[in-house]
Amino acid sequence: QGSASYTLTMADIGSRFRRAISDRTNPLILDGGLATQMESYGADLSGHLWSARLLRDDPALIKRTHAAFYMAGSDLATSASYQATVAGFVRAGNSAEEGERLLRSSIRLLKEARDEAWRKIQAEGGEGGRMKPFAAASVGCYGASLADGSEYTGIYDIGKEEVKAFHLERLKLLVKEEPDVLAFETIPNLMEVEAILDVLNHQDVSSSEIPAWISVCCRSDECLSSGEPVDDFVRLVAARSPATRQLVAVGVNCLHPRYVEKILERMKVGSKLALVVYANKGEEWDAEEKRWMPGTATEDDEYCRMAEMWRSMGANMIGGCCRTSVDTIRMLRQKLVR
């Protein structure tokens with residue numbers, strides 16, 4: 001017979017992702033805190049670009065970190081583009097052209113790390129029924145680009161049209177690198193959710209056929225970071241998702257794990273989409289001092305116990321956000337994947 005070469009189209013990859021998140025036996029295991037892991041390797045992530053600065057200064061460390069998550073059991077990892085924008089790179093002294101290149105490089109580094117890790121996993125006979133992992137573009141909220149903590153308040157100084165333009169400019173660059181998924185993360189308010197839904201229906205994005213999720217950040221088990229009710233988010237998505245073909249999942253990230261259960265109950269009742277959860281460790285962040293408060297974190301075993309509950313409630317994708325590590329993800333896979 002011989003072997004025929006076959007290149008998957010983005011539509012094929014999108015279909016594969018949809019099948020993966022509909023698995024009723026096992027959840028898709030996501031990665032953990034990219035910045036947390038890089039800091040454990042000695043990286044200094046101070047500055048307004050946060051982990052995105054290493055796209056310019058130490059891309060090899062980003063690639064090493066992505067690979068570590070894949071090797072630990074992640075079925076999907078996200079790029080180092082959460083806080084990356086062309087304007088942010090220009091503010092850091094780069095040209096606009098270099099900023100565009102650096103933003104696009106975040107996807108290339110992730111896909112290279114994924115492919116190299118997968119070859120190694122296969123060579124070591126460790127795939128054990130695992131599918132080839134996915135590479136997701138991290139699309140942080142507008143507030144993340146400001147580096148002033150506004151992703152945790154939802155208080156913006158611009159309106160919906162400006163937020164749409166912000167996301168569209170970045171997405172036009174990211175989709176050119178063909179990530180498997182678009183992960184809109186840590187979205188703090190309903191205005192930005194509406195803007196994202198509009199952008200997903202823009203021809204420059206919808207023509208890519210890349211599936212997407214929207215994950216909101218919440219300050220309690222009832223409210224988004226902005227104070228708006230989670231129920232209003234669920235109603236908005238339920239109304240808009242039928243006309244937004246690329247939107248395949250909704251969920252929460254970068255919130256205290258104790259809030260997740262009640263929010264999942266609301267989302268499960270109000271939405272027919274897949275559910276994604278990647279909480280932080282519940283550690284308190286001092287925004288003024290820009291440091292984590294000691295002694296406030298959830299331990300890995302307790303986090304994984306909570307994750308088992310999230311899975312039982314129907315969460316299709318589970319991982320970790322700030323302060324979760326490769327060790328957290330390794331334990332998650334051991335606990336959740338049969």
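Rings of Phe, Tyr and Trp (its six-membered ring) pair if their centres lie within 6.5 Å; planes under 30 degrees apart are stacked, over 60 edge-to-face, the rest tilted. I looked for such pairs in this predicted model and found 6.

I picked one pair. Tyrosine 142 and phenylalanine 166 have ring centres 5.3 Å apart and planes at 85 degrees, so I noted the pair as edge-to-face. Tyrosine 142 sits in helix 7 (residues 142-146) and phenylalanine 166 in helix 8 (residues 160-174), so the pair ties together parts 24 residues apart in sequence. Helices here are DSSP runs (H or I, at least four residues), numbered from the N terminus.

Next, confidence. pLDDT is the predictor's confidence in each residue, from 0 to 100. The chain's mean is 94, and 98% of its residues reach 70 or more. Over residues 1-6 the pLDDT is below 50, and this stretch has 1 contact (heavy atoms within 4.5 Å) beyond near neighbours in sequence. Where pLDDT is low, the predicted coordinates should not be read in detail.

Last, a helix crossing. Helix 13 (residues 300-312) packs on helix 14 (residues 326-336) at about 45 degrees, with axes 10 Å apart. I took axes as lines fitted to C-alpha atoms over the stretch in contact, with angles from 0 to 180 degrees between N-to-C directions. Among the contact residues I listed Tyr303 and Arg311 of helix 13 and Met331 and Lys335 of helix 14.

On conventions: residues are numbered from 1 along each chain as its sequence is written. Local features need pLDDT of at least 70, side-chain atom pairs count only at pLDDT 80 or more, totals for chains, interfaces and linings use all residues, and side-chain values use heavy atoms, leaving out hydrogens and water.

How values were computed
Helices (H or I, at least four residues) and strands (E, at least two) are DSSP runs, numbered from the N terminus.
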